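Let's take a friendly walk through a protein model together. Have a look at the sequence and the structure first, and then read on.

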Amino acid sequence: MQKDIYSGQVQSKKCSALNGSAILPGDKSISHRSIMFGALAVGETIISGLLEGEDVLHTADAMRAMGAKIAMGDDGLWRVHGVGIGGLQEPDEVLEMGNSGTSTRLLMGLVGGHDITVTFTGDASLRKRPMKRIVTPLEMMGATFLCRSGHRLPLTVCGAQDALPIEYKLPVASAQVKSAIMLAGLNAAGRTTVIEDHPTRDHSENMLSHFGVNVDVEEIEGGAYAVSLVGHQELKGCAVDVPSDPSSAAFAAVAALITEGSDITLPNVGVNPRRDGVFVTLKEMGADIRYENERVEAGEPVATLRITAKDILKGIDVPEERVPSMIDEFPILAVAASCAQGTTRMTGLAELRVKESDRLLMMAQGLKACGVDLEMGEDSLIIHGTGKPPKGGACVETALDHRIAMSFLVLGCASEEPIAVDDASPIKTSFPNFIELMNDLGARIGDEAEQGEGLRLA
Ligand code: S3P
């Protein structure tokens, strides 16, 4: 049997320029929503470009367990036959959500608005993540919960018999919480409103509109938004083209920017302004990143990204108000900052502590082991770059976090000595062909057996 290249320790060696064009996998956030909304719709939804990563496959399994018909055809298209709002069935089994916080939190919302009882569990990373932020508004809508201490998984949701519409101001900037409330609101009698002071990704709003639901988005005072919908509207099955994931594109982009002579093209990448903060930031650091062939598809802005390594990046202060539009990209931005000239200050990062891992800690620990000069605060990371990639030569702990693993493998493309990650398997949750795609562009990522001696854990 062929060895799984993602299992166990994987290392990345300094490479020469990255060149060529690569089609990246589908956007994870949009893929989850296309399956969920298709499963709630009346009629058939046909999805192209779906991310077939483990997280999205968990969403598909969960929706199947609640009655939807979901299958991938020989043509590579996914076809979903939905149950209609109010039509979810109670699953026979506990739902296993793996590593996927987005699946779990959005589905808690969906179940919370239906009169069914569902138990969710997940891997060691997901079982650590806080769920109170979802439980609180859903209790106001009539759902009840039985959770482990700290509102953690395994957790049982008893959905509301007749869900109540609410108006709710988000205490944390979170698209997952906003989406969970909207999903519960789809089966509530009346208008559900979510107010967000710091606008987060709006894929739920865009895609619900694409499925024929009337969603009102109103800018209120001070840049805050009120997002609302009236329950019991029908979702109509439709065609969804999922663009490539900007969060995945960021790994290839930074790899190209820190590797002299690189020039890569990434077609059909989502560039929704609520998601593209990392590209805006890299441009401010002096990166040559161009959006070509810009257009809107299924309500989402997309473009071809052209990334050319030119001057050495320079350190900057990342504005705090930009954090929600690049919340998943701080690990890879920290890699870019480690190769930049001067200091990069990243603040307002408290949410990074409750992602798939404590990303502030994992990045600070790993970068230090690679020779980077940095300061970590409660919610900040300050990196002092020398204008040259760091030494490397460490094996970094990834704590079941795909983005930590990919970030360090990208840094290994440029560091003097190889960088290894202790476990590359979580990469398959969001970017199942990361190693192959990066190596096609010119990276040298592989297991230590192929590449010589393994590195010891830092
Ligand atoms: C997501 C929202 C973000 C992000 C996650 C995907 C989504 O989480 O980190 O990877 O698809 O709604 P928060 O809502 O917790 O910020």
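Arg359 forms a salt bridge with Glu356, and their closest N and O atoms are 2.9 Å apart. A salt bridge here is a side-chain nitrogen of Lys or Arg within 4 Å of a carboxyl oxygen of Asp or Glu. Before we go on, please keep in mind that this is a predicted model, in which local features need pLDDT of at least 70 and side-chain atom pairs count only at pLDDT 80 or more, while totals for chains, interfaces and linings use all residues. Residues are numbered from 1 along each chain as its sequence is written, and side-chain values use heavy atoms, with hydrogens and water left out.

Are Arg359 and Glu356 buried or exposed? Arg359 counts as buried because its relative accessibility is 1%, and Glu356 is buried too, with a relative accessible area of 10%. The cut-offs, found with a 1.4 Å probe on protein chains only, are these: buried means under 20% relative accessible area, exposed means over 50%, and partly exposed is in between.

Salt bridges that share partners join Arg129, Arg201, Asp328, Glu356, Arg359, Asp401 and Arg403 into one network. Arg359 also forms a salt bridge with Asp328, where the closest N and O atoms are 3.6 Å apart. Arg359 lies in helix H10 (residues 359-369) and Asp328 in the loop between strand S18 (317-318) and helix H9 (330-339), so this pair ties together parts that are 31 residues apart in sequence. Helices (H or I, at least four residues) and strands (E, at least two) are DSSP runs, numbered from the N terminus. Both Arg359 and Asp328 are buried. Asp328 has a salt bridge with Arg201 as well, with the closest N and O atoms 3.4 Å apart.

How many salt bridges does a search of the whole structure find? The search finds 26 salt bridges. One of them joins Asp4 and Lys428, with the closest N and O atoms 2.7 Å apart. This pair links distant parts of the chain, 424 residues apart: Asp4 is in the segment before strand S1 (10-13), and Lys428 is in the loop between strand S23 (419-421) and helix H12 (434-441). Asp4 is partly exposed, with a relative accessible area of 32%, and Lys428 counts as partly exposed at 22% relative accessibility.

Here are the salt bridges named in this report.

| Salt bridge | Closest N and O atoms |
|---|---|
| Arg359 and Glu356 | 2.9 Å |
| Arg359 and Asp328 | 3.6 Å |
| Asp328 and Arg201 | 3.4 Å |
| Asp4 and Lys428 | 2.7 Å |

Now let's turn to the domains. The domain assignment gives domain 1 (10-26 + 243-457) and domain 2 (28-241); such bounds come from an automatic or database assignment. The contact takes 25 residues from domain 1 and 31 residues from domain 2, where contact means heavy atoms within 4.5 Å. The C-alpha centres of the two domains lie 29 Å apart. About 2400 Å² is buried between domain 1 and domain 2, and carbon and sulfur atoms give 48% of this area. Buried area is the accessible area (1.4 Å probe) that two parts lose on being put together, summed over both.

Four salt bridges are counted between domain 1 and domain 2. The side of domain 1 that touches domain 2 has eight nonpolar, six polar and eleven charged residues. In this grouping, Ala, Val, Leu, Ile, Met, Phe, Trp, Tyr, Cys and Pro count as nonpolar, Asp, Glu, Lys and Arg as charged, and the others, Gly among them, as polar.

Finally, let's visit some single residues. Thr192 lies in strand S11 (residues 191-196) and is buried, with a relative accessible area of 3%. Leaving aside neighbours within four places in sequence, Thr192 is in contact with residues including Met141, Pro165 and Val227. Thr386, in strand S21 (residues 381-386), is exposed, with a relative accessible area of 55%. Leaving aside neighbours within four places in sequence, Thr386 is in contact with Ala340 and Gln341.

Ser103 is found in helix H3 (residues 101-112) and counts as buried at 0% relative accessibility. Beyond its neighbours within four places in sequence, Ser103 is in contact with His32, Met36, Asp55, Thr59 and Met97.
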